[in-house]
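Hi,

Here is the structure I promised to pass on to you.

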Amino acid sequence: MYGYFTNGTYDFIEKLKTKSNTTPFLLMHTDDSALAYYEAPQQTLFQESRDYDIIASIGNLHEEGVASLYYTPVTEEGTPIFELDYKQRIKHLANEAGFLGARVLKPMATGNYILFTLWSDEETYKMWRVQEDAFFPAQGKEDYIVKPPYEKTYIVGEKEEEEE
């Protein structure tokens, strides 16, 4: 199975979602950016995409909640160790309050691995994140990390209507 991402404006991503027959189709956004993600066994339906092999998966994706994408640069030599390690680590997320799903995504071209976690809401994600900082790889902690990883979080689902 493969995971596909594309960027665009919120309106653009919303139109892609409407045209798509894919479920779940995650529309993720911040105040200033939007990102789409879906999974399928076939080629991407995006014209411009970042394609990933899903090497580990737990739980289900939902079209609402909070998503964390932890971008992790891994050395070529460290790839087997990283993959083995995180295939095991994500299994421990299943019992966390508010946890919905997780994926370990391997880039099909060059790029970073992504540890993708999905949570029911921002509060449960933040509570888990503060307690479980050791879950994530870090430069200096693991030899296979090339440079500092970084994280981006998104609201998943439709934007709330702004009151005028």
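E151 is partly exposed, with 27% relative accessible area (buried means under 20%, exposed over 50% and partly exposed in between, with a 1.4 Å probe and protein chains only). Its partner in a salt bridge is R129, with the closest N and O atoms 3.1 Å apart; a salt bridge here is a side-chain nitrogen of Lys or Arg within 4 Å of a carboxyl oxygen of Asp or Glu. R129 counts as buried at 16%. This pair links distant parts of the chain, R129 being in helix α3 (residues 122–131) and E151 in strand β8 (residues 150–156), 22 residues apart. Helices (H or I, at least four residues) and strands (E, at least two) are DSSP runs, numbered from the N terminus.

A word on the source: this is a predicted model, in which local features need pLDDT of at least 70 and side-chain atom pairs count only at pLDDT 80 or more, while totals for chains, interfaces and linings use all residues. Residues are numbered from 1 along each chain as its sequence is written, and side-chain values use heavy atoms, leaving out hydrogens and water.

The salt bridges come to six by this rule. One of them joins K17 and E63 at 3.0 Å, N to O. K17 sits in helix α1 (residues 10–19) and E63 in the loop between β4 and β5, so the pair ties together parts 46 residues apart in sequence. K17 is partly exposed at 21%, and E63 is partly exposed at 28%. Another salt bridge connects R89 and D85 at 3.2 Å; these two are four residues apart in helix α2, about one helical turn.

Now to the strands. Eight of them close into a barrel in the order β1-β3-β2-β8-β5-β7-β6-β4, with antiparallel pairing (two strands pair if DSSP finds at least two bridges between them). Seven bridges join β4 (residues 50–59) to β6 (residues 99–107), and G59 stands opposite G101 in β6.

Finally, the aromatic rings: the whole structure holds 13 aromatic pairs. Rings of Phe, Tyr and Trp (its six-membered ring) pair if their centres lie within 6.5 Å; planes under 30 degrees apart count as stacked, over 60 as edge-to-face and the rest as tilted. Y37 and F116 have ring centres 5.0 Å apart and planes at 80°, so they are edge-to-face. Y37 is buried at 0%, and F116 is buried at 1%. F5, Y37, Y52 and F116 form one aromatic cluster.

Best wishes
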